[in-house]
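Please consult the sequence and the 3D view while reading the points below.

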Amino acid sequence: MASTNSWTHEIESPVAAPRLFRAAVMDWHTLAPKIASHIVASAHPVDGDGSVGSVRQFNFTSAMPFSHMKERLVFLDVDKCECKSTLVEGGGIGKAIETATSHIKVEPAANGGSVVKVESTYKLLPGVEVKDEITKAKESLTGIFKTAEAYLIANPDAYN
């Protein structure tokens, strides 16, 4: 029987928490194809208006090991820059992963920037072992937030 596992990751940024949360989390489906087109070919809402229960899909280039993923927003507190989403399709679901949930919180830092805190919980399918996937997932997350950070620094009026 497969067990539930989790990992955590922190990313520091000089960008204020609300701006980074809006760009890299809430609006990533709009921003990613523009500023990370080498990874995200396209993205769009599938169902909902961005509130809890909404589903969005990301379609990836060959840079990713899977062609797409759909995620459902299961918790959202915009004021606290916090959300939780569940993978519902693609991204390894049904092939290696039975379930996967990500909890993201972007907290203000003393220097005016922020700290992104991510906890990912997943249940592997029976017989599947984790090798370097966690390291790759952490690198991918860091890439997302650092790409959004660079965009926000270069565009100081964006997402204010």
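The notes that follow cover the annotated domain, the sheet, the helices, the core and an aromatic pair. The model is predicted. The unreviewed UniProt entry lists residues 5-154 as "domain: Bet v I/Major latex protein".

**Domain span**

**Sheet**
- Seven strands form an open sheet with antiparallel pairing, in the order S1-S7-S6-S5-S4-S3-S2.
- Strands S1 (4-13) and S2 (40-47) stand at the edges with a single partner strand each, so one side of each has no neighbour in the sheet.
- On average, neighbouring strands are turned by 20° against each other, direction ignored.
- S2 and strand S3 (residues 55-60) run antiparallel and are joined by six bridges.
- Valine 40 has phenylalanine 60 in S3 as its bridge partner.

**Helices on the sheet**
- Helix H1 packs on the sheet, where it touches S1, S3, S4, S5, S6 and S7, and its direction makes about 155° with that of S6.
- Helix H2 (residues 28-35) lies across S2 and S3, at about 165° to S2.

**Nonpolar core**
- The largest nonpolar core has 36 residues; Leu20, Ile104, Val106, Val116 and Phe145 have the most contacts inside it.
- Helix H1 (residues 17-26) gives the most to this core, namely six residues.
- Beyond its neighbours within four places in sequence, leucine 20 contacts residues including Val15, Val106, Val116 and Phe145.

**Aromatic pair**
- There is one aromatic pair.
- Phenylalanine 60 and phenylalanine 66 form this pair, 5.7 Å centre to centre; the 75° between their planes makes it edge-to-face, because angles over 60 degrees count as such.
- Phenylalanine 60 is buried, with a relative accessible area of 14%, whereas phenylalanine 66 is partly exposed at 26%.

Conventions
Residues numbered from 1 in each chain as written. Predicted model: local features only at pLDDT ≥ 70, side-chain atom pairs only at ≥ 80, totals over all residues. Heavy atoms only, no water. Phe/Tyr/Trp six-rings, centres within 6.5 Å; stacked < 30°, edge-to-face > 60°. Buried < 20%, exposed > 50% of the residue type's maximum accessible area, 1.4 Å probe, protein only. UniProt positions renumbered as here; feature names shortened; annotations may be inferred. Core = buried A, V, L, I, M, F, W, Y, C linked by side-chain atoms within 4.5 Å. Helix = DSSP H or I, 4+ residues; strand = E, 2+ residues; numbered from the N terminus. Contact = heavy atoms within 4.5 Å. Pairing = 2+ DSSP bridges. Axes fitted to C-alpha atoms, helices over the stretch in contact; angles between N-to-C directions.
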